[in-house]
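User: I'd like a quick tour of this one. Can we start with how the helices pack?

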Amino acid sequence: MGKVFVCDHPLIQHKLTYIRDKSTTTKDFRELVDEVATLMAYEITREIPLQKVQVQTPVATAECRTISGRMLGLIPILRAGLGMVDGILKLVPAAKVGHIGLYRDPQTLEPVEYYAKLPTDVQERELIVIDPMLATGGSANAAIEALKRRNCSQIKLMCLIAAPEGVQAVQQAHPDVDLYVAAIDDYLDDHGYIIPGLGDAGDRLFGTK
């Protein structure tokens, strides 16, 4: 079963409070999401392997450590996932970015893939699927499945807020995928909104209704 990591660092929780606040402006919301993504990136990259190297300091030779050739790929789910990408790239600027677009079929209510543009070496990368909200888990599961169909095997999921129902759905469908969140909220309402949540992340990021 995939592990669930709640990133409870005080700075993350402080900023998440203002992200939830309905009075937060679009500009501030966007900046806060970007900042929290950067902070969460510290946690999701914690287990990247290191290798020993020697460098010459101004006074001596030092044995140091660098990242051991691990290649990362960021896969935001359009459109809301875009709001977290730049925050992660601040820490890992060499990561490549792919995109997966999904919409919900009005008849079946199931997610349908309408766009996928991925790095050519995506199968060789450790991938982080990014979506601010994990509600029912339908979009996240569909995005992960889309990557697995393309022979990707190293996948993590990163969200700001999750509902227990979404966490359970991802764990059941993809037990090999670890999940990183800033908070797990109470439940989903009848309309599929996370309670207490933060509303529609895409609308709040881009100022749309």
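Analyst: First, the terms. Axes are lines fitted to C-alpha atoms, for helices over the stretch in contact, and angles run from 0 to 180 degrees between N-to-C directions. Helices (H or I, at least four residues) and strands (E, at least two) are DSSP runs, numbered from the N terminus. This is a predicted model, where local features need pLDDT of at least 70, side-chain atom pairs count only at pLDDT 80 or more, and totals for chains, interfaces and linings use all residues. Residues are numbered from 1 along each chain as its sequence is written, and side-chain values use heavy atoms, with hydrogens and water left out.

User: Fine. How do the axes of helix 4 and helix 5 cross?

Analyst: Helix 4 (residues 138–149) and helix 5 (residues 164–173) cross at roughly 25 degrees, and their axes come within 9 Å. Helix 4 and helix 5 are therefore roughly parallel to each other. The cut-offs: angles under 35 degrees count as roughly parallel, over 145 as roughly antiparallel, 65 to 115 as roughly perpendicular and the rest as oblique.

User: Which hand is the crossing of helix 4 and helix 5?

Analyst: Right-handed. A crossing is left-handed if the near helix is turned anticlockwise from the far one by less than a right angle, and right-handed if clockwise.

User: And helix 1 with helix 2, at what angle do they cross?

Analyst: Roughly 155 degrees, with the axes of helix 1 and helix 2 (residues 26–44) coming within 9 Å. That makes helix 1 roughly antiparallel to helix 2. The crossing of helix 1 past helix 2 is left-handed.

User: What about helix 2 and helix 3, how do those axes cross?

Analyst: The axes of helix 2 and helix 3 (residues 82–89) cross at roughly 50 degrees and come within 7 Å. So helix 2 is oblique to helix 3. Helix 2 passes helix 3 in a right-handed crossing.

User: Switching to charges. How many salt bridges are there?

Analyst: The count comes to 14 salt bridges. The rule is a side-chain nitrogen of Lys or Arg within 4 Å of a carboxyl oxygen of Asp or Glu.

User: Give me one in helix 2. What does Lys-27 pair with?

Analyst: Glu-31, with the closest N and O atoms 3.0 Å apart. Lys-27 and Glu-31 are four residues apart in helix 2, so about one helical turn separates them. A network of salt bridges links Lys-27, Asp-28 and Glu-31.

User: Is Lys-27 buried or exposed?

Analyst: Lys-27 is exposed, at 52% relative accessible area. Glu-31 is partly exposed, at 37%. Buried means under 20% relative accessible area, exposed over 50%, partly exposed in between (1.4 Å probe, protein chains only).

User: Now strands. Which residue does Glu-63 bridge to?

Analyst: Lys-52, with the closest N and O atoms 3.9 Å apart. Glu-63 sits in strand 3 (residues 61–67) and Lys-52 in strand 2 (residues 50–56), so the pair ties together parts that are eleven residues apart in sequence. Glu-63 is exposed at 57%, and Lys-52 is exposed at 64%.

User: And Lys-156, what does its side chain meet?

Analyst: Glu-126, in a salt bridge of 3.4 Å, N to O. Lys-156 lies in strand 10 and Glu-126 in strand 8 (residues 126–130), so the pair ties together parts that are 30 residues apart in sequence. Both Lys-156 and Glu-126 are buried.

User: Backbone next. Where are cis peptide bonds found?

Analyst: One joins Leu-78 and Arg-79, with omega about 5 degrees. Arg-79 is in the loop between strand 4 (72–78) and helix 3. Another joins Ile-195 and Pro-196, with omega about 0 degrees. Pro-196 lies in the loop between strand 13 (194–195) and helix 6 (201–206).

User: What is the phi of Asn-151?

Analyst: Positive, about 65 degrees, although Asn-151 is not a glycine. Asn-151 lies in the loop between helix 4 and strand 10 (155–162). At 61% relative accessibility, Asn-151 is exposed.

User: Last stop, Lys-90. Where does it lie?

Analyst: Lys-90 is in the loop between helix 3 and strand 5 (96–97). Lys-90 is exposed, with a relative accessible area of 55%. From Lys-90 to Val-129 is 17 Å, C-alpha to C-alpha, and 39 residues in sequence.
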